[in-house]
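Here are some notes to read alongside the structure. Keep the 3D view open and find each residue as you reach it.

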Amino acid sequence: MPDEPAVRELRLVVTAADYDAALHFYRDVLGLTERAAFTSPGGRVTILDAGRATLELADPNHAAFIDEVEVGHRVAGHIRVAFQVDDSVAATSKLAAAGAQVIAEPTLTPWNSLNSRLEAPGALQLTLFTELDD
């Protein structure tokens with residue numbers, strides 16, 4: 001019988017100064033499904049389902065390489081959030097229309113995906129990627 005995994009879910013927690021704008025962007029524009037919402041005295045939190053989660057660890061040299069491929073130079077901090085989407089071109093346009101700043105338009109990568117880079121609400125740098133058929 002295989003060992004049960006010690007971790008059941010990866011949850012990225014973002015503190016957004018403009019909570020309503022961030023919620024609108026990620027839930028209503030990007031399309032993440034709302035799983036739960038809670039309040040505290042004077043505060044709110046919403047848990048959005050982003051599908052399958054993985055933790056991607058990169059050393060500084062590889063992180064710089066990814067930035068070079070996607071953007072042309074080093075731009076990301078130590079955290080960047082990547083979302084796999086069906087159409088990174090359309091999703092990039094949609095998120096830009098909703099206020100995200102496009103750092104780099106969709107670019108074909110050496111690992112055969114089409115990746116774009118955006119600066120999004122909550123001070124998050126996003127990669128949108130579409131896996132291309134071989």
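1. Let us start with a term. A residue is called buried when its relative accessible area is under 20%, exposed when it is over 50%, and partly exposed in between, using a 1.4 Å probe and protein chains only. Please keep in mind that this is a predicted model, where local features need pLDDT of at least 70, side-chain atom pairs count only at pLDDT 80 or more, and totals for chains, interfaces and linings use all residues. Residues are numbered from 1 along each chain as its sequence is written, and side-chain values use heavy atoms, with hydrogens and water left out.

2. Now look at helix H1, residues 19-29. Helices (H or I, at least four residues) and strands (E, at least two) are DSSP runs, numbered from the N terminus. Which residues of H1 are buried? They are Tyr-19, Ala-22, Leu-23, Phe-25, Tyr-26 and Val-29. An α-helix has 3.6 residues a turn, so residues three or four places apart point the same way.

3. Next, the charged pairs. Side chains of opposite charge can pair when their charged atoms come close. A salt bridge here is a side-chain nitrogen of Lys or Arg within 4 Å of a carboxyl oxygen of Asp or Glu. Searching the whole structure gives nine salt bridges.

4. One of them joins Glu-9 to Arg-35, with 3.3 Å between the closest N and O atoms. Glu-9 is in the segment before H1 and Arg-35 in strand E1 (residues 33-40), so this pair ties together parts that are 26 residues apart in sequence. Glu-9 is partly exposed at 39% relative accessible area, and Arg-35 is partly exposed at 45%.

5. Glu-34 pairs with Arg-27, the closest N and O atoms being 2.9 Å apart. Glu-34 is partly exposed at 37%, and Arg-27 is partly exposed at 27%.

6. Are the partners Arg-117 and Asp-67 buried or exposed? Their side chains meet in a salt bridge (2.8 Å, N to O). The pair links distant parts of the chain, with Arg-117 in strand E5 and Asp-67 in helix H2 (residues 60-70), 50 residues apart. Arg-117 is buried at 0% relative accessible area, and Asp-67 is buried at 1%. Through shared partners, salt bridges join Asp-67, Glu-70, Arg-74 and Arg-117 into one network.
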